[in-house]
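Morning, everyone. Let me put the model up, and then I'll walk you through it.

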Amino acid sequence: MATQHSRSAARLMMAPAVILLLGWMLVPLVMTLWFSFRRYLPLRGGDQGFVWFENYARFVTSSSFWPSVLTTLTIVGGVLVITVALGVLLSMLLDQPMWGQGVVRILVIAPFFVMPTVSALVWKNMFMDPVNGLFAHLWRAFGADPIVWLSDLPTFSIILIVSWQWLPFATLILLTAIQSLDSEQLEAAEMDGAPPLKRFWFIILPHLSRAITIVILIQTIFLLSIFAEIFVTTGGAFGTRTLTYLIYQRVLESQNVGLGSAGGVYAIILANIVALFLMRIVGKNLDS
Amino acid sequence: MARAVTPRRKAINTALAWTVGILIFFPILWTILTSFKTEAEAIASPPSFLFFDWTLENYGVVQERSNYMRFLWNSVIIAGGSTLLGVLIAVPAAWSMAFVPSKRTKDILLWMLSTKMLPAVGVLYPIYLLFIRLGLLDTRIGLVIVLMLINLPIIVWMLYTYFKEIPGEILEAARMDGASLRSEILYVLTPMAVPGIASTILLNFILAWNEAFWTLNLTAAGAAPLTAFIASYSSPEGLFYAKLSAASTMAIAPILILGWFSQKQLVRGLTFGAVK
């Protein structure tokens, strides 16, 4: 039905978006690749020529590399486990008949709309502060010594903050998926005498598996690059330096652009591996 | 989905769900409450929940000392500007992909999405350098451009999924009646597309408002939006709970309200149509 005329018009309409995104992707990417092969210290001698793969080797052999990988995996994994597990439970609860469902939904979703710097600061000061934080008051009320959250349990504290931010997202998506479940199927299983746990395991969970996969993939992409939550709470201290944060420090704090860029290339490769799986699912959905 | 349940079961559900809901919402509630306390009451032990002398003083002090309005204005300009610019560029693109699809449409859509997956930190220095060279560092226009570009894939995708739902027959009928491409867009499509465009604008405004990587790294005093303003409270000298709470409340209140309107679009916008 599309004529030659409308075809070329369509191409013209697409052009601005395509060209802009192409530029946005290629220009910085090529620059990062270029810097990653060079010894480049803007404040200490500037650009000192090609060193080829030396930065790549130095980045992975530096003593902070593997700890940062471990921290990244712990934070991403921890947040995923918490948000998916609680998200499944919460979405099932929210799907039940109750009074004031709309209001509860709003309460549960709210943390997603809080800007990262606010949630990090509010948790850091008003909840996790060892003297004046609410947790400290709570601990003292039970006669326990308050925990110095951000230096004693730094990674866990960050997982807690980030999970609070992302639980609404997981819940909302899983709720959308659960609402598309055919309730007759569940009722039939109930009448046949299937106990609740079996109904959950054999009907609800398989139905949710696709939504869970999508939640995991999308959250992983975003979680791999969390920044503000660490920037405001620990500043990367106490073993909370993720790969993203390490690269940020190399580039902007110690101004070793070559080394940081090599790290950036690693981060891009890592994110692309995750993205590949996500794209496959999204792409399949486009066909149907 | 109204299933028949006993009133007792419904009461239990309600109690459980409200408890969980309030627990999750509590940090926000606590921030709002603390913003109305005096600094002394904010750190009182044991903390008072509702029975304190309510005061509006903190809100005045935050504005007076830090010129809060300037940061708010930066946030509005940056989030609003990047969203509007993004929509202007994305509408024609999404329109053509939805109504004049070609063999490559799917590939282009997926490729656009893949640019969104590029970790920001991987291109931090190039962007930083380009910003210095182009004189864009710490300017609102610079952030408008960057945030527009990082959200453009989401905007295109959301619009595409909305446009896709407009039945093609309507277009054909209009064409049969001799409507030109221009009047087709203006009188047939636009009215049907307005709700989708509105939700896209809403969600992307929220995303841009809360963006906290580029806004922290590419601004100093001049163009800093609320994300950076709040981050400045993390230094020890800024540790005043009541004022921090007042500043936080003002920074999140508009978005909380907008967010509640956009909860349905959130799923569509952030899962790229993969969950409906």
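Ground rules. This is a predicted model: local features need pLDDT of at least 70, side-chain atom pairs count only at pLDDT 80 or more, and totals for chains, interfaces and linings use all residues. Residues are numbered from 1 along each chain as its sequence is written, while chains are lettered from A and ligands numbered from 1 in the order in which they are written.

Chain B. It has twelve helices and zero strands. Helices here are DSSP runs of H or I with at least four residues, strands are runs of E with at least two, and both are numbered from the N terminus. Chain B has a radius of gyration of 23 Å, well over the 19 Å that the globule rule gives for 276 residues, so it is more spread out than a compact globule. That radius is taken over C-alpha atoms, and the rule is 2.2 Å times the number of residues to the power 0.38. The C-alpha box for chain B, along the principal axes, is roughly 75 × 70 × 35 Å.

How much of chain B is buried? The share is 46% of its 276 residues. Buried means 20 or more other C-beta atoms within 10 Å of the residue's own; exposed means 12 or fewer; partly exposed is in between; C-beta atoms are placed from the backbone. Just after helix 8 of chain B, Gly178(B) takes a positive phi of about 85°.

Now one helix pair. Helix 3 of chain B (residues 57–66) and helix 12 of chain B (residues 241–271) have axes that come within 9 Å and cross at roughly 80°. Axes are lines fitted to C-alpha atoms, for helices over the stretch in contact, with angles from 0 to 180 degrees between N-to-C directions. Helix 3 and helix 12 of chain B are therefore roughly perpendicular, a label for 65 to 115 degrees; under 35 is roughly parallel, over 145 roughly antiparallel, and the rest oblique. Helix 3 of chain B brings Asn58(B), Tyr59(B), Val61(B) and Val62(B), and helix 12 of chain B brings Ala242(B), Lys243(B), Ala246(B) and Ala247(B).

Chain A next. It comes to 13 helices and two strands. Buried residues are 43% of the 288.

Most residues other than glycine have a negative phi. Trp52(A) has a positive phi, near 55°. Trp52(A) sits in the loop between strand 2 (46–50) and helix 2 (54–61) of chain A. With 11 other C-beta atoms within 10 Å, Trp52(A) is exposed. Phe238(A) also has a positive phi, about 55°. Phe238(A) counts as partly exposed, with 16 C-beta neighbours inside 10 Å.

Finally, the two chains together. 88 residues of chain A are in contact with 89 of chain B; contact means C-beta atoms, placed from the backbone, within 7 Å. On the chain A side, helix 1 of chain A (residues 4–36) gives the largest share, 18 residues.

Technical notes:
Contact = placed C-beta atoms within 7 Å.
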